[in-house]
Amino acid sequence: MKNHGYVRVAAAVPNVKVADCAYNADHILKMIQSAESKGVQIVCFPELSITAYTCADLFYQSTLLQSAQEELLRILKETAQSSIIFMVGLPMVQNGRMFNVAAVCQAGRVLGVVPKMYLPNYNEFYEKRWFTSGKDITSNTIKICGQTVPFASELLFGDDEVKFAVEICEDVWVPLAPSNFHALNGAQIIFNLSTSNDLSGKNAYLQQMLQQQASKCVTGYVYASSGFGESTTDLVFGGNGYIIENGRFLAKSERFSFDEQLIVSEIDVESLNLDRLKNSGFYRGKTDLTKEYTMVEAPLADIELTKLYRPLSSHPFQVADKDMDERCKEIFSIQVGGLATRLYHTGIKYAVVGISGGLDSTLALLVTVKTFDKLNIPRSNIYGITMPGFGTTGRTYNNAINMMKSLGVTIKEISIKDACVQHFKDIEHDPANLDVVYENSQARERTQILMDYANKMNGLVIGTGDLSELALGWCTYNGDQMSMYAVNTDVPKTLVRILVKYVALNQVDEATKVTLMDVIDTPVSPELLPADKDGNIAQITEDFVGPYELHDYFIFYMLRYGYSPKKIFFMIMQAQNKYDKATVLKWMKTFYRRFFIQQFKRSCMPDGPKVGSIALSPRGDLRMPSDASFNIWMKEIEELGA
């Protein structure tokens, strides 16, 4: 798809004068020009924006109705050379009945007219006094500005790649909204021309409803509601403009502003298509609720999006700071709940955790401790085993010991050095050769100790490896890859650090907190190679496989949405300025190569709790052959660097 599947849209909230169509048209034209200068392809104005909404019985005046037509014609003439699509509201008469409609326009033409289907009949909005429901139209065409155009709710606009549809204000408040049908018939973006007055608490409800509708329909949703200038005889209008994508707010207007506002963002149509593709039940409802739709050709303006208005986080697994504690609490609770259920069903009351003093084993131990507390099992039944090897440093060793002491678990120290030296003799390996044999033998020796000790105690080995390591295959097959229950299996590395910090600040005593904060500051390392001459960690994981914040970005958008390397690269270069093009492409190659060739390790990964929308379990989340080729992905990355 062009522009990586993004469509630039806008919600316009102009200032209006009640019943002054010329004034309103002037402001609409000015905002169309502003939208076009920003590269907007589709812009939505509020309900009855040419006349203003609060005209009341003035809608019966032929002068007002005629002026609305004349001003729409002027708008069309002045935008005849423009390819931007816009929709404005006005009253229209057909066969002696008046309708509240949206006129969808482009390049000097009205493409189609959509009537409001559901008219409010409560006191402050008694629209039935003036308007007829779109359910009662007598013809599927209407004459407007010298044209005869389609007239129905069941209209789709766009082309083969992008389809959009329209509903008006109250339509979205009913149980079976027109947008439900629009989405089931292929609309990826819904535009709502609205005028909704503000009451205490109403806006929060409105936002929740729109968010839910966009999520349920798997659509982009653009909502433009009237603001300053509408009559305040009895009501006040806050000028709400929202752009939402599949339940996520991308942009919001400033409420109660006296200035007119143009809220701009991009809808990712490709992501919506892929979500619908994954959800095999999405289109099943169409067979139950069949409606006949008319497709109106409306090619989008051919623009090149080089910089996006929509917010792009450089850490997609994280949420806004104000929500992060609640998200961490939820994830940690899911981890604890998963392990608690496994222990309860097996009747096991002992656990064995390998403690390295690194982030992953720290999080696994914290989950295990809180699980035992939840089940009223003594923490002493948790056996924390630290297994110093050739690369263990004083910092990680001391952190491991201090953490286990302050948490009150049973501490076991078992050095693996002698066992590995004997193993090297047995297999005739030179211990001076610091190759993969040297490294992996240590990982497997540690796993053997953990498994055998768990058998001895009739306990479970709690796995420590995280989502990022599994995606990259950065684990030893039948070594740290294996456990009896893996509590971190669905937590990416960038989130492990945040979870440990959350627990440090909220759920442990001061002594444990001090240790945990130092663990957070320690570089990530498997510590399988000897320390440097000063006793510091010599083997930094991110020096070898690349920054985890990049890999987690690749993981999220490849697995969550199925995006191509080209699109992921475009997004990450928009989202951050820490890494240059060459660095991103270098580690992107590493990611795709390792992700494909290391699938065999994920094909037999142990059970573990799913905490987010992305997981690698071969039993329910990632069904991938171990011998798939990565050539077409690599070719695309090579082309990006050309």
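Predicted model: local features only at pLDDT ≥ 70, side-chain atom pairs only at ≥ 80, totals over all residues.
Buried means under 20% relative accessible area.

**View 1. Tyr553 and Tyr557 pair within helix H16.**
Helix H16 covers residues 548–561. Tyr553 and Tyr557 sit four residues apart in H16, about one turn of the helix. Tyr553 has a relative accessible area of 0%, so this residue is buried. Tyr557 is buried too, because its relative accessible area is 8%.

**View 2. Phe157 and Phe164 form a stacked aromatic pair.**
A pair of aromatic rings is described by the distance of the centres and the angle of the planes. A search of the whole structure gives 31 aromatic pairs. One of them joins Phe157 and Phe164, with 5.4 Å from centre to centre and 20 degrees between the planes. Phe157 has 0% relative accessibility and therefore counts as buried. Phe164 is buried as well, with a relative accessible area of 0%.

**View 3. Helix H16 packs against helix H18.**
Two packed helices are described by the angle between their axes and the distance between the axes. Helix H18 covers residues 581–597. The angle between H16 and H18 is about 60 degrees, and their axes lie 10 Å apart. The two helices, H16 and H18, are therefore oblique to each other. Their crossing is right-handed. On the H16 side, the contact residues are Leu550, His551, Phe554, Ile555, Met558 and Leu559. H18 brings Val584, Trp587, Met588, Thr590, Phe591, Tyr592, Phe595 and Phe596 to the contact. Of the residues in this contact between H16 and H18, twelve are nonpolar, two are polar and none is charged.

**View 4. Ring pairs build an aromatic cluster.**
Which residues do the ring pairs link? The cluster holds Phe554, Phe591, Tyr592, Phe595, Phe596, Phe630 and Trp633. Phe554 also belongs to the H16 side of the contact with H18. Phe591, Tyr592, Phe595 and Phe596 belong to the H18 side.

**View 5. Helix H10 packs against helix H11.**
H10 covers residues 417–426, and H11 covers residues 436–457. They pack at an angle of about 125 degrees, with axes 10 Å apart. That angle makes H10 oblique to H11. The crossing of H10 and H11 is right-handed. The contact of H10 with H11 has five nonpolar residues, three polar and one charged.

Key
Residues numbered from 1 in each chain as written. Heavy atoms only, no water. Axes fitted to C-alpha atoms, helices over the stretch in contact; angles between N-to-C directions. Parallel < 35°, antiparallel > 145°, perpendicular 65-115°, else oblique. Left-handed = near helix turned anticlockwise from the far one by under 90°. Nonpolar A, V, L, I, M, F, W, Y, C, P; charged D, E, K, R; others polar. Phe/Tyr/Trp six-rings, centres within 6.5 Å; stacked < 30°, edge-to-face > 60°. Buried < 20%, exposed > 50% of the residue type's maximum accessible area, 1.4 Å probe, protein only. Contact = heavy atoms within 4.5 Å.
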